[in-house]
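Me: I have a complex open and want to learn how to read it. Can we go through it feature by feature?

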Amino acid sequence: MTHRKKRAKSGWSRRDFLRTAGVAAAAIAFPEIIISCGPQSGGTPTAAIPKPRKGASIRLLQWTSFVKPADAEFKRQAAEWGTANGVTVAIETVTGDQLQPKTAAAVEANSGPDIIQMQYGWPQLYADACLDVTNEVNILISKLGKPDPVNEAFCKVNGTWRAIPYTVVPNAWTYRTDYFQQAGVTSFPKTWDELAAAAAKLKTTGKPMSQTDGHAYGDSLTMWNPVLWGFGGKEVNADGKTVAINSKETRDAIRWAQGAVKAGLVVHPEWLDPDNNQAYHADRISGTLNGASIYIREKIEFHKYTDVTNNAPMPSGPKGTFAMNLIFNHAVMKWSPDADTAKAMLLALMEKDQYQKWTMIASGYNAGPFEALHGDPVFKTDPKLTAFEDVVAPGKWPGWPAMPSKKTAQAQTQYIVADMFAKALANGGTGDMEAAIKGAETSLKAIFERP
Amino acid sequence: MAVPTLKFAKPGTGRVIGDRFVGRAIRIYIPLLVLLIVTLFPFYWMAVTSFKSASELFDFSVSPLWVREPTLDWYKHLFTQTNFPHWAFNTAVVATVSTIISLFCSVLAGYSLARLRYRGADTIGWGIFVTYLVPPTLLFLPLTFVIRELHLFNNLWALILTYPTFLIPFCTWMLMGFFKGIPRELEEAALVDGATRIQAMVRIAIPLALPGILAAALFAFTLSWNEFLYALIFMNDSLVKTIPVGVTQELIHGDEFFWGELMAAALLGSVPVAVLYSFFVDYFVAGMTAGAVKG
Amino acid sequence: MGTATRTDAVPVWRRRRARIYDREAPLGYLLLAPTLVVLGIFLLYPFLFGIWLSITDSELGKLGEFIGLGNYRFEWRNTDGVFYTAVVNTFLYTGVTTVFKLGLGLVMALLLNQVIPFRRFVRAALLLPYIIPTVLSYEAWRWMFDPTFSVVNWLLVHTHLAAYPGPNWLGVPANAMAALMIVNIWRGTPFYAISFLAGMQVIPVDLYEAARVDGATRWQQLTNITLPMLRPVLLVVLLLSTILTFADFQGPFVLTNGAPYNSTQLLSIWAYQWGIPGGAIGLGAAISLVLFPLLTIVVAGVLFLLRRPE
C-alpha cells in the first residue's frame, strides 16, 4: 500500500496510476482476465515510452556473469544512465544457484529488487509477480525487430509479456584441435553419429570427449535435451499435458548415447557446471559442451591451449539440429514503486549501441535476443567464436515442443531428461534403458498430471 | 544436610601421570594423530591451493601437494578487489551479538525449564524444540515477510534478530542438560540459608554450568558465523554481506570458480576463529573450577 | 502441580522445598519471557505458516487453498520412487553419520581432556572443520572428490591403496552417498566433541577417586562414571544433531544435489526442488514435514530417557 501512495505523489499521471493499479489488482484477483485482455493492452495506442522519475532508486538483481568485465560494463552503463536521469541505480549480482531462492523470497514477501533477472522459464513460475511489459517489448520490437522465439516462449505468459528479452548464453562444443588431428578427426562432427565415431578415435589419445549427465544447472540440460530432440524424442506433447517420453524416438536417442559411451564418449554423472571447464583447462579432455567461458578464460587468463582450441556448433540428429542455451530475461516486479523508471532503464540498456558495447566486452559469452542484435560484431572479432552465434538459431527450451509452463519448469529442475540418460548410461553405457524410460515417464506424469 | 564439597578435575589430574610412554602412545597419541591428519588434510589442501598460481592449480603432472611457485596474489586480490574486510567485520558483529542475545535468553530459559516447576513448563520446552522440525529451507520464505514488515532488509539487524531463532532452541536444551546435571542440593542449601532463587541461580547454578554455557556459546557463534541462507536472502549490498555469502558471490563467476581466492577466503575466515576457540576451550577445561564451590 | 496435597506427609525440609515450588511459577515464566518474545516474533508465524503451507496447494507468490493431506498423498502415491529413495537415504544419512559423530566425538573429547603437548594447537586444529564456513568447505570437498582433480585419489593412487584412477567418489551411487556422509562426519564431529568435553568438566572428580580406590580400570571408569554422568548432555546433543542432520541441506546440495540420477536424493533437497525452483511451495512443505510424526516419536522417546533419572 505504501508504495502505491508514493507512486501517486511522485508525479505519476492519474491515468498511469489507475492503469497499473488496476492491472495489478486484477492480476491478483482474476488472473484469467489478464489472459483475455493481454493482446489488447499490448496493442493500446498509447505505446507510451516509460519515463524515468528523477530521484527514484532502482535495484536490479541478476547472476554473476562469468566474464567479470562484462558485469562491470553492465554496472557502468546502468550507473551512467542513472546519473543522466537522476536515478540511483544499484546492481546486485549473485551466483546462479543463489538467484532462485532470492527471487522466491522476494516473490513471497512481495518486496525486493525492482528488476529481477529471469532465467529459463521463471516468468511462468512467477507470472503473478512480474508486471506486464508488453508495451515495452513492443517498443523494442519496433526498434530491434523480432525477438528470438526462445526468449519469447519464456517471457510470454498466456499472451502477455512478463519479462523483457535480455540475452542468450550460447552453448557450443569447445574442443582441442591438436588431439582431434592426432586422432585423425579432421573437422568437428556434424552429426551425432559422427560425434560417437570421433569420440571413439579420441579415446585413443587418452583425452576423451566428456560431458556431464548429472544435476548440472546448465551443462546437462544443454546436452541431453538437444540429443533427445535430435532423434525426435520429447518429454511431452505440444499440448503441454500428454507425457510422450515413452517412445521409439526416445529409445533411438538413448541407444545412440549408449553407443557413444561404449565407443568412448565419457559421461560424468557427478559433474556440475564448473567441472568440465576445469577438466578442459587441466588438459584432461579433448572436447566438451559448454558456454564460451572455457574458450574465453583460456584466451584471456591461461593462454595455454588457446591456439589449439576451437569451437563448434551442435551436431545434428536424424530429426534435425537442436541446441539449448541459457536464456536470461529481465522482469519488472509488481512491487516496484518506480516501475516506469525500471522499464525505462531496461529499454535504455537494450539500445543497440549500448548493448553491443556490453556484448563486445562479454567477449562472446552473450548474444542478443532480437533480430537487429544478431550478427553481433563480437563474433566477427574472432572466427573461433562463430560457433556460439550458430547455436542461437536452433535453440529450443526445456519441455519443447510444449510451451514453457510451471510444469516444464518443474521437469527441468528435477533433471528428469538428464537422469533418464544417466540411468541408461550407467556402467559404461550399459544401464537399463527400459527402466530409465519408465522412471522418467512416471516422474513426468507425476508433474504433468498433478492438478 | 551439609553442602557437599565438590572438586573438579584439572585436566588429566592423576589419571595419566605415571603411565608408560607406550601405553600413552597407543591410547592417546596415535588416535590423536589419526584424527589430526583426517581433520587437517582438507585445510592443508585449501592452504596449498590458496598459494598456487592459476596455471599450477590444474596441473596434476607433478605432486599437487606442494606449491612450486607460491604466490600471495589471491590474498592480495581478496583485500584489494573485494570487500572481504567488510564481510569479516559484518560476520563478526552479527555472530557476536546474536550469540550474546541467544545465550542470555537460553540461560534463563534453560534454568527455568530445568529447575523450576510450574504449569506448562513441559509443553513450552517441547514447543521450543519442535520448531526445529520445519527446516530453514522453507522457513526463510515466511520469515522474509516478517523482515519486510520490520523494514530490516539489507540491515545487519535482520540477521542479528533471526539467528537466535535457530540458536535459542538448541542452547536452551543444551543448558537444560547441564542444569539438570548439577546436584539440586547445592541450590537447596543456599535457599535454606536465605538466598533468593535468583541469587541461587546466579551464584551457584550458572557458574557450575559454565562449561555448558561456553559450549553453547561456541555452538551459537559458529552457526551464526557460517549461516548462509538468511544472509543470502536478507542482505543485498556487498558492504553488508557476511563472509559465506560475499565470498561465494564475488568469487564464483558463472561456471568458473576462482579457487585461489575462494580458499584464501575460507582460511582467513576460519583459522583466526579456531585459534580464538582454542583459548576459550582452554578456559573451560582448565580454569572453570574456580567459581564452582564458592557458594 | 499437586505438591500441596502431599506436604503433610513429608519431612520439614521437603515441605520448605514445596513452598519454594509454589513461588516458582512467576519466576519461571519471567525467565522464559525473553526466549518466548524472540521466538514468538521471528519463529511462531513462519513455523505455523510452514505447517499451513503443507496442507494447501500454494505456489510461490500465490496462497493456495486447503487441500487436506493432498500433498502428502501425492508423494506417498507417486511411483517414480524418488520420494522413497529420499526417505531411505535421509534415514541412512542421519543414522550412519550420527553413529560415527557420536563415537568419534566421544573419542575426541576424551583425547582433548588429556594433558598433551601442543594442546592449544591440537584443539584449534580439531575444531577447524566446525568453524570454517560450510559453503566454502563443501566446495573444497567437492573439488577433493572431483574425479579429475581428486587429491584424495591422487594420494590413494600414489600410496598404492587404490588402482588408477581411484574410486569415482561422486559419480557412483554408493560412493556418492558415502562421500556425503564422510563430509558430514568430518564437519559434525567437533561439535559433539566440544559438547562432551564440556559435559566432562562437570563430573565431580571424587567419583573417579573413589573408583580408583576400588580398583576400577580406566575402561570401567569410562563406562560406569563418565558415560552415565554425560547422559543428559549426550542425549540432548544426540537429539538435536539427529534433527539437524535430518534437515541438512547445504552439504548434500553443494556436493551432489541428488545426482547421480537421484540416488543421493534427500528429503531436504527434494523438498527444495519442488518448493523453490519448482514453485510448488505447498508440496515442498509437505515433503519436509512428512516425517514430522515419526520424528515426534523419536523425540518423545529421547525425552522420556532424558527424564528418567529424576
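Reply: Start with burial. A residue is buried if 20 or more other C-beta atoms lie within 10 Å of its own. This is a predicted model, and in chain B buried residues make up 54% of the 295 residues.

Me: What does the secondary structure of chain B come to?
Reply: Chain B has 14 helices and two strands. Take contacts in chain B between residues at least 6 apart in sequence: 79% of them join residues at least 24 apart.

Me: Now the interface. How many residues of chain B are in contact with chain C?
Reply: Two residues are in contact if their C-beta atoms lie within 7 Å. On that basis 96 residues of chain B touch 84 residues of chain C. H7(B) gives the most to chain B's side, with 13 residues. By class, that side of chain B has 70 nonpolar, 18 polar and eight charged residues.

Me: Where do helix H7 of chain B and helix H11 of chain C run relative to each other, and at what angle do the axes cross?
Reply: Angles over 145 degrees count as roughly antiparallel. The axes of H7 (residues 156-181) of chain B and H11 (residues 218-246) of chain C come within 8 Å and cross at roughly 165 degrees. Therefore H7(B) is roughly antiparallel to H11(C). The crossing is right-handed.

Me: Which residues make the contact of H7(B) with H11(C)?
Reply: H7(B) supplies Phe170(B), Trp173(B), Met174(B), Gly177(B), Phe178(B), Lys180(B) and Gly181(B). From H11(C) come Pro232(C), Val233(C), Val236(C) and Leu240(C). By class, this contact has eight nonpolar, two polar and one charged residues.

Me: What ipTM and pTM does the predictor give the complex?
Reply: The ipTM is 0.80 and the pTM is 0.83. Then go chain by chain. Chain B averages a pLDDT of 80, and 88% of its residues score at least 70. Chain C averages 80, with 89% of its residues at 70 or above.

Key
Residues are numbered from 1 along each chain as its sequence is written. Chains are lettered from A and ligands numbered from 1 in the order in which they are written. This is a predicted model: local features need pLDDT of at least 70, side-chain atom pairs count only at pLDDT 80 or more; totals for chains, interfaces and linings use all residues. Axes are lines fitted to C-alpha atoms, for helices over the stretch in contact, and angles run from 0 to 180 degrees between N-to-C directions. Helices (H or I, at least four residues) and strands (E, at least two) are DSSP runs, numbered from the N terminus. Angles under 35 degrees count as roughly parallel, over 145 as roughly antiparallel, 65 to 115 as roughly perpendicular and the rest as oblique. A crossing is left-handed if the near helix is turned anticlockwise from the far one by less than a right angle, and right-handed if clockwise. Ala, Val, Leu, Ile, Met, Phe, Trp, Tyr, Cys and Pro count as nonpolar, Asp, Glu, Lys and Arg as charged, and the others, Gly among them, as polar. A residue is buried if 20 or more other C-beta atoms lie within 10 Å of its own, exposed if 12 or fewer, and partly exposed in between; C-beta atoms are placed from the backbone. pLDDT is the predictor's confidence in each residue, from 0 to 100.
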